[in-house]
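Let's take a friendly walk through this model together. Have the viewer open beside the text and follow the headings in turn.

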Amino acid sequence: MRGRIAQWRESGQRFAERRLPALTRHRQPEPLPILLHRRRIYVLPTRFGLYAGGLLLVMLLGALNFNNNAALLLTFALTGVLALSPLRAVQALERVVLERAEAEPVHADDMIELRLHFRSEIARQRVGLEIAGISTPVRFDLLTAADALVNLPAERRGWVPLPWLSLSSDAPFGMFRAWSVLRPLQDVLVWPRPEPTAAPLPDRGTGVARHVRIAEGEDWQGLRDYRPGDPPRRVAWKASARTERLLVREPGLPADGSLDLRWEDAAALPFEQRISRLTRWVVDAAAAGRRYRLQLPTEVLGPASGIEFRNRCLRALALL
Amino acid sequence: MATGVTLLAALALNTKWLPIWLMGALLPLATLAIVARWRGAGPLPTFWRILLLVGACAAIAATQPSVFGREAGAALLASMLVLKYLETSGVRDARLVVMVSNFLAMAAFLRDQSFEQTSLAFALVVLVLVALQWLRTDRMAPLANAAPQPSLREWRAPLREALLTMAVVIPFALASFLLFPRLATPLWGSLDDKPRGKVGIDDELELGALSGLALDDSPAFRVRFDNDAAAPPPAERYWRGLVLWSFDGRVWAGSRRFPGTRAGPDVIAEGQRYDYEIALVEAPRIWRFALDAPLTTPAGMLRGVDLQITGPAGPRAERSYRATSATRYRLNSELPFALRRAALQLPSGSNPSAVRLGEKWRMQHGADVDAIVQESLEMIRAGFLYSLDPPPLGRQAIDEFLFSTRIGFCEHFASSFVFLMRAAGIPARIVTGYQGGERNSVGKYWIVRQSDAHAWAEIWIAGRGWQRVDPTAAVAPERVLRGSSGFGEGTDAGWLGKSAWWSGLRDRADLLGTWWQQAVVGFDSLRQANLLQRLGAGEANRMRHALLWLALMMATLGFAALLMSIRRRLPASPWIVVYREFAAKLAGGGVQRKSTEGPAEFSERAATTLPDQASEIRRIAQEFIALRYASEHTVESERARRLEILRRRVRALKVARRRDAIVS
């Protein structure tokens with residue numbers, strides 16, 4: 001018997017997957033743009049719709065009892081309004097396209113400001129749509145195109161997938177609510193959280209020895225392996241001769257007060273806190289307008305300055 | 001605001017029935033509340049609400065005869081709704097107030113189901129739909145990114161939506177109206193059966209009662225003769241209603257001693273017979289009206305020995321019936337003792353002067369009935385005046401009328417005449433009903449109005465039976481010949497009544513009202529069964545019937561939804577337009593875009609096919625891809641600027657047309 005039930009359930013599921021894709025498939029994230037088709041829009045009466053239905057039932061009974069035909073007409077007209085409501089609610093959502101979802105990267109524990117760009121494929125009345133599935137529902141108007149701003153908490157660093165959102169509308173009379181589940185296959189970059197208490201920047205003379213000493217009296221900024229395309233005049237011939245590798249001087253480093261932010265400098269801390277500290281240093285250094293270089297176990301960035309470079313460093317830290 | 005206006009409109013629908021003091025209290029209260037809300041006031045404090053609630057309940061209980069009556073119910077509902085409005089704080093309350101306003105419109109239908117009233121109620125529904133939409137935006141305002149404040153300027157779109165909805169819903173309502181299974185018998189009794197307020201003829205006649213009706217222009221019933229061309233002449237248009245036998249010196253009343261039978265008395269027609277259908281406007285009371293004298297008993301009714309027709313009463317009773325009459329007839333050649341006694345009854349000691357006058361005539365003329373009638377009619381013709389506004393009379397009403405005031409309305413003349421006849425020993429009785437009627441030339445039927453209410457006399461003459469005598473005709477023959485509208489200023493006053501287009505308009509309005517009354521208001525389970533049978537739905541089977549209704553409803557709504565979903569497609573996004581233009585140019589050069597190809601592949605293929613433009617094609621493709629897919633941090637204005645550059649670049653792209661287009 002139990003086996004029979006399991007069999008039925010299984011065949012039911014297969015049927016649902018085959019015939020009702022809206023019930024099964026749309027739980028999975030899907031790539032943008034997402035077009036809302038009527039097969040993926042659900043509709044249920046609101047509380048007010050239920051009240052209205054109850055009132056109409058009372059009116060119907062009264063009108064039938066007294067065979068009051070004018071009252072019957074009125075009741076049926078209102079019933080028609082109620083019956084039309086779910087269709088209208090679905091139409092409010094139908095052929096709405098979620099075109100893009102954009103967000104500036106933020107640090108973990110901040111709010112991600114997600115900008116959802118909706119577009120309508122068809123001419124429509126100005127209807128209010130709501131986005132739920134997040135802490136505070138957001139309402140916006142859609143005529144041809146509209147941006148909705150949604151705030152999401154950034155809980156951890158790295159690529160964070162967008163959460164489950166529900167787009168809904170109770171147009172036109174608030175008696176029925178239609179909704180559709182949106183789960184865009186798109187990740188938002190979240191930078192690591194900067195350490196709350198600022199550790200002093202590992203400036204010259206305060207940290208460990210920063211410079212690679214190649215030879216006495218020569219204080220090189222730093223050497224790295226030759227890469228095709230490096231200009232020949234930058235090759236450190238002497239050092240190369242000593243190491244039997246072709247080494248290249250890094251351009252524009254030290255002597256002008258630039259920083260070296262190294263993974264090893266925060267060696268005393270656990271992994272995540274190390275990232276936090278480096279993040280802090282990057283943020284502070286960028287805020288001070290300094291040039292800096294970021295050395296991570298995986299890569300070395302810079303030295304450089306400016307917003308673009310800072311973003312590149314934070315991204316590398318986020319994805320560590 | 002929208003809520004308040006809806007509420008006011010719903011109250012206004014009930015103006016005619018709600019007690020005046022209540023309307024006088026509720027309308028200003030609601031108006032004040034609307035103004036207060038408009039200026040940002042909150043709900044009324046609890047103390048005041050409770051005070052008002054108790055006050056309203058007490059006042060209604062004190063003034064209404066029954067707390068469970070229709071009036072009391074409507075009054076209570078209206079007060080509660082206004083009080084609820086005073087305390088509404090959120091959208092939820094406001095929506096309920098708006099929705100229950102419909103219920104108030106329905107309460108009004110219990111009193112009046114006319115076409116006008118129904119139209120007004122449907123207008124209210126439109127208002128309700130607009131208000132509900134406003135309430136939605138109200139709710140959205142605080143949180144929306146771009147707050148759409150509901151303002152008076154924003155009524156267009158909601159109104160459009162409301163009207164569109166009504167356009168879909170009205171056919172639905174009509175179809176439901178025809179097909180929805182109905183109750184053959186009510187589930188519970190009617191709240192109160194006796195219609196109050198506006199009444200036509202009553203079963204008692206007091207001097208001065210009918211003159212009150214003389215100014216009431218509303219229709220009492222409509223008559224359609226089977227042969228419209230041969231309607232009875234004006235002087236024969238007497239619509240018989242009640243027969244009043246007993247007089248207590250002040251009031252004439254019917255007699256319960258002569259109950260009707262299904263067969264009724266034999267009436268011998270002496271002249272043309274008329275077949276016709278009468279449709280009453282108000283729910284009938286037990287008596288019916290028929291052209292004097294009805295030869296047969298209408299189906300389902302009884303006819304008394306005095307030709308009074310009685311039938312079922314109440315709001316569910318059938319309002320129209322068929323009858324056959326002859327205006328020249330002979331009735332009761334023999335007069336049984338009981339009838340003779342009733343027809344000669346006089347209250348002792350009342351109106352002594354009139355009794356003496358009657359006795360004097362009997363002495364003078366003996367059994368010569370015609371002479372006595374002549375004498376009395378001569379007297380009336382010589383010294384009496386007909387007036388819609390006769391002076392009031394005291395206890396010896398007949399004496400005062402006959403010997404001092406001498407100004408009266410039809411019931412004064414009729415009752416005095418009958419009184420005199422009885423005093424002179426001639427059996428006599430009063431008949432009340434209507435006299436006259438106005439032809440609706442558009443609809444080819446006759447309207448008899450309340451202002452046509454009339455009272456006349458019948459006397460019994462040996463060998464000839466009962467004969468109608470209308471003493472009013474003696475004093476004011478135009479009243480009988482031209483009907484009530486030919487007399488006095490009570491009806492259509494001045495030039496309006498005479499202009500042709502006005503009467504044509506009035507005829508049409510009445511035709512519409514009549515059609516409404518018969519086709520819509522009169523529709524019931526019996527007629528529905530007939531209709532379904534004619535439609536081929538077979539015997540009235542409730543289940544089948546309900547299924548038919550359901551199917552039709554689905555079809556109607558589905559069709560409506562289909563119509564509504566046909567909407568204009570919006571033009572594609574601007575970047576798509578640019579891309580299509582680009583693709584079209586390359587196609588001209590012989591490179592057709594495949595549907596499976598993305599921009600990168602397509603442009604690469606184009607670049608290899610068209611080496612002259614390769615670099616430009618690649619640049620455009622790169623820029624396009626950058627704009628379309630890789631612009632996470634671009635603001636909208638920047639995006640637009642780049643799109644414009646791209647568009648120019650595509651325009652500038654020159655691709656040589658190739659004849660041997662490579663079609664893959």
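## Helix α4 of chain A

To begin with a term we need: the bend at a residue is the angle between two axes, one fitted to the seven residues ending there and the other to the seven starting there. In this predicted model, α4(A) has a kink of about 35° at S85(A).

How far apart are the end C-alpha atoms of α4(A)? They are 37 Å apart. At 1.5 Å a residue, the 25 residues of this helix should span 36 Å, so the two values agree. Is α4(A) mostly covered or mostly open? It is mostly covered, with 24 of its 25 residues buried. Just after α4(A) comes R95(A), which takes a positive phi of about 60°.

## Where chains A and B meet

The contact between the chains draws on 48 residues of chain A and 63 residues of chain B. On the chain A side, the elements that give two or more residues are α3 (47–65), α4 (69–93), β5 (111–120), β7 (138–142) and β8 (145–153).

What classes of residue make up the side of chain A that touches chain B? There are 28 nonpolar, 11 polar and 9 charged residues.

## Chain B as a whole

Chain B holds 22 helices and 18 strands. Of its 664 residues, 36% count as buried. If you look at contacts in chain B between residues at least 6 apart in sequence, 74% of them join residues at least 24 apart.

## A five-stranded sheet in chain B

One open sheet in chain B has 5 strands in the order β10-β6-β2-β16-β15, with antiparallel pairing. Strands β10 (320–326) and β15 (438–440) of chain B stand at its edges; each has a single partner strand, so one side of each is left without a neighbour in the sheet. On average, and ignoring direction, neighbouring strands of this sheet are turned by 30° against each other.

Within the sheet, β2 (residues 219–225) and β6 (residues 273–280) of chain B pair in the antiparallel sense over 5 bridges. To find this pairing in the viewer, look for R222(B), which stands opposite A279(B) in β6(B). Helix α16 (residues 500–521) of chain B packs on the sheet, touching β2, β6, β10, β15 and β16 (445–449) of chain B. The direction of α16(B) makes about 80° with that of β15(B).

Definitions and conventions:
Residues are numbered from 1 along each chain as its sequence is written. Chains are lettered from A and ligands numbered from 1 in the order in which they are written. This is a predicted model: local features need pLDDT of at least 70, side-chain atom pairs count only at pLDDT 80 or more; totals for chains, interfaces and linings use all residues. Two strands pair if DSSP finds at least two bridges between them. Helices (H or I, at least four residues) and strands (E, at least two) are DSSP runs, numbered from the N terminus. Axes are lines fitted to C-alpha atoms, for helices over the stretch in contact, and angles run from 0 to 180 degrees between N-to-C directions. Two residues are in contact if their C-beta atoms, placed from the backbone, lie within 7 Å. Ala, Val, Leu, Ile, Met, Phe, Trp, Tyr, Cys and Pro count as nonpolar, Asp, Glu, Lys and Arg as charged, and the others, Gly among them, as polar. A residue is buried if 20 or more other C-beta atoms lie within 10 Å of its own, exposed if 12 or fewer, and partly exposed in between; C-beta atoms are placed from the backbone. The expected span of a helix is 1.5 Å times one less than its number of residues.
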